[in-house]
Amino acid sequence: MKHFVLATVLLIFGSTGPLWAQDHPKGNTKENLGQALPPFDFQGVDENRVTPSSLPTDRPVVVFYFDPFCDHCQKEAGWINDNAKLFKDITLLWVAYGELKDIAAFPGEYIPDVTGKMIFANDDKYQFDNYFGYSTVPSIYVYNRKHERTASFHEETLPTTLLRFALQ
């Protein structure tokens, strides 16, 4: 009887497992291409509000939805750090939800060499999905100089790929 129950449980969970794995398409999802940077409003770690109008104009913007404790997010940050010079003319907006102190500590630990414009913010109103679409961590949204979306990713993405889309 124990074997029957165990086999039944494995069959049920084994057959629904692929449903759990169907989280997001990988690679460039091509979601909302050409769409303008949305009218977001986040709490900056410097206590100021972060909105599209607070970003530098005429520069590409790469928006990272991350969790300071996510291994994949830390890996992505490391890749950005290793290619810091390539990102000097691109605005990097990192948005997470949680404690401001954890978000504020992230760049010093994982992206210390980036000297370009980086902004860290808290999704204190839990509105990120409303602005950018359903997102998991890491999710990355790339906007060109006109602040039009050129790509979106829901996984770690190589810096060279991000740059290619940001500079379109």
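## Strands, helices and cores of a predicted model

E3 and E6 pair in the antiparallel sense over five bridges. Two strands count as paired if DSSP finds at least two bridges between them. Helices (H or I, at least four residues) and strands (E, at least two) are DSSP runs, numbered from the N terminus. This is a predicted model, in which local features need pLDDT of at least 70, side-chain atom pairs count only at pLDDT 80 or more, and totals for chains, interfaces and linings use all residues. Residues are numbered from 1 along each chain as its sequence is written, and side-chain values use heavy atoms, with hydrogens and water left out.

**The strands around E3**

How much of E3 is buried? Five of the five residues of E3 are buried, so the strand is largely enclosed by the rest of the structure. Buried means under 20% relative accessible area, exposed over 50%, and partly exposed in between (1.4 Å probe, protein chains only). In a regular strand the side chains alternate between the two faces of the sheet. In E3, Val-61, Val-63 and Tyr-65 lie on one side and Val-62 and Phe-64 on the other, and both faces are covered.

E6 is in turn joined to E7 by four bridges, and the two run antiparallel. The bridge partner of Val-142 in E7 is Ala-151. E7 is mostly covered, with five of its five residues buried. The hairpin of E6 and E7 has five residues between the strands.

Ile-103, Phe-106 and Pro-107 are buried residues of helix H3 (residues 100–110). They cover an arc of only 80° around the axis, which puts them on the same side of H3; the arc is that of the directions from the helix axis to the C-beta atoms. An α-helix has 3.6 residues a turn, so residues three or four places apart point the same way. On the face of H3 turned away from its buried side are the exposed residues Lys-101, Gly-108 and Glu-109. The cover over the buried residues of H3 includes helix H2 (71–82), strand E4 (91–96) and strand E5 (118–122).

In H5, six of the eight residues are buried, so this helix is largely enclosed by the rest of the structure. These are Pro-159, Thr-161, Leu-162, Leu-163, Phe-165 and Ala-166. They pack against E3, H2, E6 and E7.

**The nonpolar cores**

A nonpolar core is a set of buried Ala, Val, Leu, Ile, Met, Phe, Trp, Tyr and Cys residues joined through side-chain atoms within 4.5 Å. Which residues touch the most other members of the largest nonpolar core? Of its 26 residues, they are Ile-80, Leu-92, Trp-94 and Val-142. Strand E3 (61–65), H2, E4, H3, strand E6 (139–143), strand E7 (149–153) and helix H5 (159–166) each supply at least two residues of this core. H5 gives the largest share, four residues.

Contact means heavy atoms within 4.5 Å. Leaving aside neighbours within four places in sequence, the contacts of Ile-80 include Phe-64, Leu-92, Trp-94, Pro-159 and Leu-162. A second, separate core has 17 residues, among them Leu-37, Phe-40, Leu-93 and Ala-121.

**Loops and backbone angles**

Most residues other than glycine have a negative phi, and most peptide bonds are trans.

| Residue | Phi |
|---|---|
| Lys-30 | near 60° |
| Asn-32 | near 55° |
| His-147 | near 60° |

Lys-30 is in the loop between H1 and E1, and at 56% relative accessibility it counts as exposed. Asn-32 is found in the loop between H1 and E1; at 41% relative accessibility, Asn-32 counts as partly exposed.

Gly-34 lies in the loop between helix H1 (2–21) and strand E1 (42–44). Gly-34 and His-147 are 113 residues apart in sequence and 8.8 Å apart in space, C-alpha to C-alpha. Beyond its neighbours within four places in sequence, Gly-34 is in contact with Glu-148 and Arg-149.

A cis peptide bond joins Val-137 and Pro-138, with omega about -10°. Pro-138 is in the loop between helix H4 (128–132) and E6.
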